[in-house]
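I opened my notebook to look at the ligands and the spaces around them.

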Amino acid sequence: MPLRETAPKLSPEQYEQNFADITPPMNPRQAAVEASRCLYCFDAPCTQACPTRIDVPGFIKRIMTGNTRGAARVILDANILGESCGRVCPTEVLCEGACVMHEKGEKAIEIGRLQRFAVDHVLDRKIRLFSPGSPNERRVACIGSGPASLACAAELARKGYGVIVFDRAELPGGLSTYGIAAYKTRVSDSLREVEMVKSLGVEFRQGLEIGRDMSFAQLERDFDAVFIGVGLGETWAMDIPGENLEGVCGALEFIEQTKMRPFSEVILGRRIACVGAGNTAIDVVTAARRLGAETVYLVYRRSEQEMPAFRYEYELAKKDGVNFLWQTQPVRVLGAGGVVTGLECVRTRLGAPDARGKRAPEPISASEFSIEVDMLVRAVGQKPATDFLRAVSGIERRKNGTLVTSALHQTGNAKYFAGGDCVNGGREVVDAVAEGMAAARGIDAWLGAPAGARRGEN
Ligand SMILES: Cc1cc2nc3c(=O)[nH]c(=O)nc-3n(C[C@H](O)[C@H](O)[C@H](O)COP(=O)(O)OP(=O)(O)OC[C@H]3O[C@@H](n4cnc5c(N)ncnc54)[C@H](O)[C@@H]3O)c2cc1C
Ligand code: SF4
């Protein structure tokens, strides 16, 4: 992608420092001290706040008594992607947000870091806690290898199912591999989690797109049930003039580069604007600053109060020196010689809150202004990508393209189950895991819970 001006390169040490873990790992002493602060609440609001219902006091107590392996077993039994979740979960609004320590005016227990401490302990040592269940002769296909499918596949494999995961991408792991910010989790973290799922006997076929490289008829012939965990698709367009200029890209495309290339090879403008104010937009602007972009704008048509990003993510971007343009709506991408040179915007005023409490932005006439940029990143949400499922009878889609499922996570076609972003419209890894595991239980119930289903433990 040619750009008018690119950002200066940083030293290798500077890149490593900028992309170091934002939540560094604990050592055994720190973990024991932190674990000893827990009150082991009987009703454990932290557990209630976790979509996968990890027994938080249960695993923290094991850490305190030096049984780190036992702690990891508690976590991974409830959430096979406990490693990812320990790194990327918005704990501030989930388990740690619910911790009773807040009521006492004290700092919440650092549940995320403790979880990471326990899971890293077993993954670093290649300790296998679970094994495949006794084979029950049933076969399930999972479409997609993101968190939803990984969780579904692991749960089914532990119940004795033969599971094959199909993904069109080169590497497995979905957005955990390709999309989540490098300062939260690295590709290698995601891939070792995939290895754990493989160790349960799950097979992976990468670079294979269902609906294109393999027909639904073949899937239905070869498998007893199918789990759909295809996530969402590309970033929405902004539908403004100039959007096709070189230097304009989608948020996923930009973030994927930061995960797949050496930091020094990421295509990066000297001045960048990102449109949108969700967590993805924050990841873009934070990464851009950490990669060395000199001026980074976040452009949002509503106000700071309406910003959908989590507060702590916003604080991160503020600390990194991002410029926030509130109540600002892009109207045209400016260019010269086919490449981006600026963004024309208009100021907005906000109307009364609608039913969802959102205030509609209205452009203020004669308030146009331009900013000079070399790159523009769209972070205005991802399109659902479920069109290819039209070929399957009975699968119902909502108006916005997400899939309709029952309490068992079954679609209108009884053989197909679904979960994760393609159903919930885009939430967090932990939600995808919870839905994938619940779908596995749904599949097991629908297939009559074939006998031999001893859940694989080591
Ligand atoms: C930029 C960004 C940052 C994020 N940061 C966080 C974070 O910090 N913390 C957090 O908890 N969550 C975060 N999320 C959300 C989280 O990544 C998702 O909720 C989660 O990955 C959803 O999992 P999934 O399995 O439903 O889908 P995905 O992870 O999207 O996986 C879907 C997979 O399906 C494959 N696929 C699609 N169609 C086909 C087909 N026809 N055939 C074969 N394969 C197919 C795709 O290649 C992909 O690998 C972030 C999301 C984004 C976009
Ligand atoms: S709410 Fe806090 S103190 Fe209570 S069990 Fe959970 S982590 Fe421990």
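Predicted model: local features only at pLDDT ≥ 70, side-chain atom pairs only at ≥ 80, totals over all residues.

**Entry 1: ligand 2**

**Entry 2: the cavity around ligand 2**

Where does ligand 2 sit? I found it in the second largest cavity. I noted a volume of about 120 Å³ for this second largest cavity. Its lining has 15 residues, and those closest to the centre are Cys38, Cys41, Cys46, Cys99 and Ile109.

Next I checked which elements build the lining. Both α3 (45–49) and α4 supply at least two residues to the second largest cavity. The largest share is that of α4, with three residues. By class, the lining of the second largest cavity has 15 nonpolar residues, no polar and no charged.

**Entry 3: the largest cavity**

How many cavities of 30 Å³ or more are there? I got a count of five. The largest cavity holds about 140 Å³ of space. I listed 18 lining residues for the largest cavity, with Cys50, Ile54, Cys89, Cys95 and Gln115 nearest its centre. Two or more residues of this lining come from each of α4 (56–64), α6 (82–88) and α8 (111–124). Which element gives the most to the lining of the largest cavity? My note says α8, with three residues. I also sorted the lining of the largest cavity by class and got twelve nonpolar, six polar and no charged residues.

**Entry 4: ligand 1**

Then I turned to ligand 1. It is surrounded by 34 residues, and Val88, Asp167, Leu175, Lys184 and Asp421 are the closest. What is the make-up of the shell around ligand 1 by class? I wrote down 16 nonpolar, ten polar and eight charged residues.

An oxygen atom of ligand 1 lies 2.6 Å from an N or O atom in the side chain of aspartate 167. An oxygen atom of ligand 1 is also 3.0 Å from a polar backbone atom of alanine 148. For a nitrogen atom of ligand 1, I found a backbone N or O atom of isoleucine 210 at 3.0 Å.

How much of ligand 1 does the protein bury? Taken alone, ligand 1 exposes 1,000 Å², and 94% of that is buried by the protein. I traced the shell to its elements: α9 (147–158), β2 (162–167), α13 (251–260), α14 (279–291) and α17 (429–446) give two or more residues each.

**Entry 5: the second largest pocket**

My last stop was a pocket. The second largest pocket has about 540 Å³ of space. I found 24 residues lining this pocket, and Ile22, Thr23, Thr91, Glu92 and Tyr312 are the closest to its centre. Two or more lining residues come from each of α6, α8 and α15 (311–319). Which element has the largest share of the lining of the second largest pocket? I noted α15, with five residues. By class, the lining of the second largest pocket divides into nine nonpolar, four polar and eleven charged residues.

Terms used. Residues numbered from 1 in each chain as written. Chains lettered and ligands numbered in written order. Heavy atoms only, no water. 1 Å grid on protein atoms, 1.4 Å probe; cavity = no way out; pocket = protein on both sides within 12 Å on 5 of 7 lines; lining within 4 Å. Sits in = over half its atoms within 2 Å of the grid points. Points joined across faces, edges and corners; volume = space filled by probe spheres on them. Helix = DSSP H or I, 4+ residues; strand = E, 2+ residues; numbered from the N terminus. Nonpolar A, V, L, I, M, F, W, Y, C, P; charged D, E, K, R; others polar. Near = heavy atom within 4 Å. Polar contact = N/O pair within 3.5 Å; in protein donor to acceptor, adjacent residues only side chain to side chain. Areas by Shrake-Rupley, 256 points an atom, 1.4 Å probe, with all protein chains shown as cover.
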